[in-house]
Amino acid sequence: MRIDVAFTPAEAAAAPTGIVVDVIRATSTICQALASGYARVFCTSEVDEARTLRAELGDGVLGGERKNVRIDGFDLGNSPREYLEPLGETLVLTTTNGTRAIVTAAARCDRVFVGSLLNVSAVVDATREAGDDVVVVCAGVLGALALDDAFVAGRIAAALDCERTDAAEAAARAATTWSGAEEALRASKSGRNLVRHAPQLAEDIPFCARESVLDVAPRFVGMHGVAAEITS
């Protein structure tokens with residue numbers, strides 16, 4: 001078993017198992033939503049795709065953000081703290097980086113898990129059980145490396161304790177340079193952008209920095225048109 005890390009979705013090579021990470025905040029939100037009782041999450045790349053899918057379904061909760069702000073007309077934003085109580089069975093989610101990365105990984109990997117710090121132990125256990133080579137796909141920020149996602153990738157690489165590519169080794173070693181997850185998340189561009197553009201959501205950072213508090217390993221189960229369906 002070997003682990004690789006793609007610091008942006010564009011770098012992701014095909015692999016039997018993919019783990020998508022967008023810790024601030026899409027994958028944290030998906031994990032929290034499914035742990036709280038949502039049955040499924042449909043991830044779309046575009047806002048119009050999310051609106052169209054909800055209309056086709058005839059039901060469902062619309063969630064998402066652009067530039068950290070809730071999209072006009074949507075029921076919820078992209079704060080995992082908004083998903084502690086389910087408002088329905090189905091969530092249709094679109095975000096700036098994370099949901100796009102999930103759609104990309106779904107096209108390149110045989111199986112795809114959704115990872116965050118909230119569920120890091122559960123997703124590591126599921127990956128180890130699968131037993132195949134794995135690539136951690138970091139969502140990044142608009143096509144560039146994101147320190148927060150790289151930190152989580154490093155934590156996953158260290159926990160799996162298997163053969164590492166150079167990228168996985170670099171991520172694992174970088175993760176040890178911080179005193180803890182919250183420090184790394186606050187230092188990242190994603191964390192700084194959240195505080196700058198949506199200060200009312202700054203508490204999402206310590207919320208997303210908690211490790212292994214959710215026992216879910218969300219996985220991709222198929223495409224519904226252009227939307228990737230995720231269940232637990």
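Contact means heavy atoms within 4.5 Å. This model is predicted: local features need pLDDT of at least 70, side-chain atom pairs count only at pLDDT 80 or more, and totals for chains, interfaces and linings use all residues. Residues are numbered from 1 along each chain as its sequence is written, and side-chain values use heavy atoms, with hydrogens and water left out.

**Exercise 1. Find the residues that isoleucine 3 is in contact with, leaving aside its neighbours within four places in sequence.**

Step 1. The contacts are then Val134, Val136, Ile156, Ala157, Leu160, Cys162, Glu163, Arg164, Thr165 and Ala168.

Step 2. A nonpolar core is a set of buried Ala, Val, Leu, Ile, Met, Phe, Trp, Tyr and Cys residues joined through side-chain atoms within 4.5 Å. Buried means under 20% relative accessible area, exposed over 50%, and partly exposed in between (1.4 Å probe, protein chains only). The largest such core has 38 residues, and Ile3, Ile156 and Leu185 have the most contacts inside it.

Step 3. Name the contributors. Helices (H or I, at least four residues) and strands (E, at least two) are DSSP runs, numbered from the N terminus. Elements giving two or more residues to this core are β1 (2-6), β2 (15-21), α4 (120-130), β8 (134-138), α5, α6, α7 and α9 (204-208). The largest share, 7 residues, comes from α5.

Step 4. Look for another core. A second, separate one of 34 residues includes Val41, Leu76, Tyr83 and Phe207.

**Exercise 2. Describe how α5 and α6 cross.**

Step 1. Take the axes, which are lines fitted to C-alpha atoms, for helices over the stretch in contact; angles run from 0 to 180 degrees between N-to-C directions. The axes of α5 (residues 147-160) and α6 (residues 166-175) come within 7 Å and cross at roughly 105°.

Step 2. Classify the angle. Under 35 degrees counts as roughly parallel, over 145 as roughly antiparallel, 65 to 115 as roughly perpendicular and the rest as oblique. So α5 and α6 are roughly perpendicular to each other.

Step 3. List the contact. α5 brings Ala150, Phe151, Ala153, Gly154, Arg155, Ala157 and Ala158, while α6 brings Ala168, Ala171, Ala172 and Ala175.

**Exercise 3. Say which residues of α4 are buried and what they pack against.**

Step 1. The buried ones are Val120, Ala122, Val123, Val124, Ala126 and Thr127.

Step 2. They pack against β2, β7 (109-115), β8, α5 and β10 (219-224).

**Exercise 4. Count the salt bridges and examine some of them.**

Step 1. Apply the rule: a side-chain nitrogen of Lys or Arg within 4 Å of a carboxyl oxygen of Asp or Glu. The count comes to 13 salt bridges.

Step 2. Take glutamate 229 and arginine 40. Their closest N and O atoms are 3.8 Å apart. The pair links distant parts of the chain, 189 residues apart: glutamate 229 lies in β11 (residues 227-231), arginine 40 in β3 (residues 40-44). Glutamate 229 is buried at 19%, while arginine 40 is partly exposed at 25%.

Step 3. Turn to arginine 186 and glutamate 182, bridged at 2.9 Å between the closest N and O atoms. They stand 4 residues apart in α7 (residues 181-187), so about one helical turn separates them.

Step 4. Finish with a network. Salt bridges link Arg25, Arg81 and Asp204.
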